[in-house]
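Welcome! Here is a short tour of one protein chain, meant to be read with the structure open beside it.

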Amino acid sequence: MLLELEEAVGDLHVTATGPLNATSTKPLIQKAMPALRKLYDEKTMDRHFKPISFSFGPLHHAKEFTQGSTFEKAEKFKRRLAAMFIINSGNQMEVLYENVKKEIQSLRNCYDPIEVVDWEDEELAWMFLMDGCALLHFILLDVQGKWEQLGGKNDQCAFMIHDLFLLENQLPFQLLEILIYSCIEGQKELKDSIAKFINRPFLSPVKQISIPIYDQGDSQTHHCERQRQEEPVHLLALLRRKLIGQGVKSQEKPREKDGLLEKLMRKLCSSGKRKIWPTFRNVKDLKAKGIRFKAKEKTDGITDIDFNHRYCMPTLTLAPILVDEGTMPILLNLIAYEMCSDFTNECEITSYVTFLESLIDSGKDVKELRDAGVLFNALGSDEYVAEMFNKISKYLVSNPEKYEGLKDRIQDHCDLLWASDVAYFYRTYFSSPWSLLVFLGAVAGLVMTGLQTYSGFNTQTGSTGH
């Protein structure tokens with residue numbers, strides 16, 4: 001026991017000063033954390049963490065597929081994709097293989113060692129060559145809209161995209177770059193295709209600000225000189241970078257956005273009892289306090305959320321999100337990636353999902369978000385969407401600092417003594433054009449009655465004076 005403890009202390013000293021330092025190395029490609037596997041049933045794990053048809057990399061790659069299996073058929077299709085890539089590259093297959101083989105130790109180090117221990121360098125290099133070439137050529141065909149020209153069907157394309165963003169099915173981005181820079185022809189086309197593919201509206205129905213992947217004039221020399229920590233680990237990491245944008249940072253010091261009038265009104269009208277923990281629960285609760293929901297017209301990521309109550313119009317503004325069949329697997333795998341013990345991050349996606357789930361308790365909340373243009377439901381019933389978010393975030397632990405300022409601002413508004421009364425007044429008299437017309441008519445009637453009374457009083461006073 002003492003010897004094991006001494007070894008652990010020695011490992012910590014190496015980690016603090018050597019290459020194992022988590023702040024200076026990339027997270028390994030690995031299976032989802034065992035803790036996450038315990039949170040969800042086996043059916044959910046198999047459906048959303050294991051590839052449906054196309055396996056990439058060693059984690060789910062069987063060296064000899066069962067005759068007639070789904071993977072066996074997919075392997076044949078992958079070979080066709082890889083062959084097309086090699087033909088279009090203008091280079092010999094042997095040259096591409098040797099370029100991969102030269103970096104095999106570096107590529108091996110991208111994985112959890114236990115997952116690649118049974119792979120010889122030669123077979124691992126051949127597997128990387130075929131999987132990497134197939135993946136790059138699929139992305140190129142998909143972006144160009146030429147998928148069907150190779151005999152591919154729409155369902156195959158959907159399965160491929162599903163499998164590309166699984167944590168356990170990732171290929172090192174370093175491998176993709178080795179293959180791209182090994183091409184004599186079409187390097188720029190391949191780079192552009194990756195950028196266009198990642199910048200597609202995944203999880204978002206609106207176009208977001210595109211993230212740069214390659215610098216202008218990026219050459220192989222420049223590629224070799226770039227620091228490795230600046231490169232994405234894999235496609236899932238690249239998607240995460242694009243989705244989080246800079247949205248969460250806008251909430252760091254939210255109260256500074258308030259004007260003097262807003263601060264004064266909050267001071268005068270607050271109940272004076274500061275809540276330690278937010279008491280609001282869902283969209284229904286917030287609407288009862290007069291808070292409106294609005295979709296952001298321009299955003300750089302789905303995590304971009306803001307709240308303000310200027311001009312007595314409290315509004316929670318969120319980046320629009322598209323919910324379809326691909327939403328749950330993408331979110332779960334992004335969450336699994338953030339949970340990796342060797343990945344230093346601030347749990348942006350996890351915190352976003354838990355905040356969104358806090359707004360959604362039932363299908364009625366989903367409908368309110370749909371009506372506001374915040375949520376686009378392409379999955380099914382509103383109740384099903386609510387169940388999906390509740391299932392995803394049931395056991396998640398978010399970063400308490402993320403959206404802390406946002407929640408404080410919302411709670412400050414909910415603590416206002418007159419918030420519910422103003423909300424009731426607004427719903428009663430301003431919720432529709434007809435109620436507004438009735439209200440204005442009543443006001444006009446009172447004004448006319450007052451004027452008539454005043455006029456009659458003046459007339460009577462004048463007559464009495466004469």
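In this chain, 75% of the contacts with a separation of 6 or more are between residues 24 or more positions apart; a contact means heavy atoms within 4.5 Å. The model is predicted, so local features need pLDDT of at least 70 and side-chain atom pairs count only at pLDDT 80 or more, while totals for chains, interfaces and linings use all residues. Residues are numbered from 1 along each chain as its sequence is written, and side-chain values use heavy atoms, with hydrogens and water left out.

**Overall make-up**

- The chain has 22 helices and five strands, which are DSSP runs numbered from the N terminus (helices: H or I, at least four residues; strands: E, at least two).
- Of the 466 residues, 46% are buried; buried means under 20% relative accessible area, exposed over 50%, and partly exposed in between (1.4 Å probe, protein chains only).

**The nonpolar core**

- The largest nonpolar core holds 115 residues, and Phe128, Phe138, Leu316, Leu359, Phe389 and Ile410 have the most contacts inside it.
- Helix α8 (residues 121-144) gives this core its largest share, 14 residues.
- Such a core is a set of buried Ala, Val, Leu, Ile, Met, Phe, Trp, Tyr and Cys residues joined through side-chain atoms within 4.5 Å.
- In soluble globular proteins, nonpolar side chains tend to be buried together.
- Leaving aside residues up to four places away in sequence, Phe128 touches several residues, including Pro58, Val100, Tyr111 and Leu175.

**A buried loop residue**

- Leu59 sits in the loop between α3 (42-49) and α4 (70-89), and counts as buried because its relative accessibility is 10%.
- Beyond residues up to four places away in sequence, Leu59 touches Gln30, Lys31, Tyr111, Glu115 and Glu168.

**Salt bridges**

- There are 15 salt bridges, each a side-chain nitrogen of Lys or Arg within 4 Å of a carboxyl oxygen of Asp or Glu.
- Arg47 and Glu325 form one of them (3.6 Å, N to O), linking helix α3 to the loop between β4 (321-323) and α16 (327-339), 278 residues apart.
- Arg47 is partly exposed at 47%, while Glu325 is exposed at 51%.
- Asp192 pairs with Lys188, with their closest N and O atoms 2.8 Å apart; because they are four residues apart in helix α11 (residues 187-198), about one helical turn separates them.
- Glu338 and Arg240 also meet in a salt bridge (3.0 Å, N to O), which ties helix α16 to helix α13 (residues 235-244) across 98 residues of sequence.
- Glu338 is buried at 4% relative accessibility, and Arg240 is buried at 8%.
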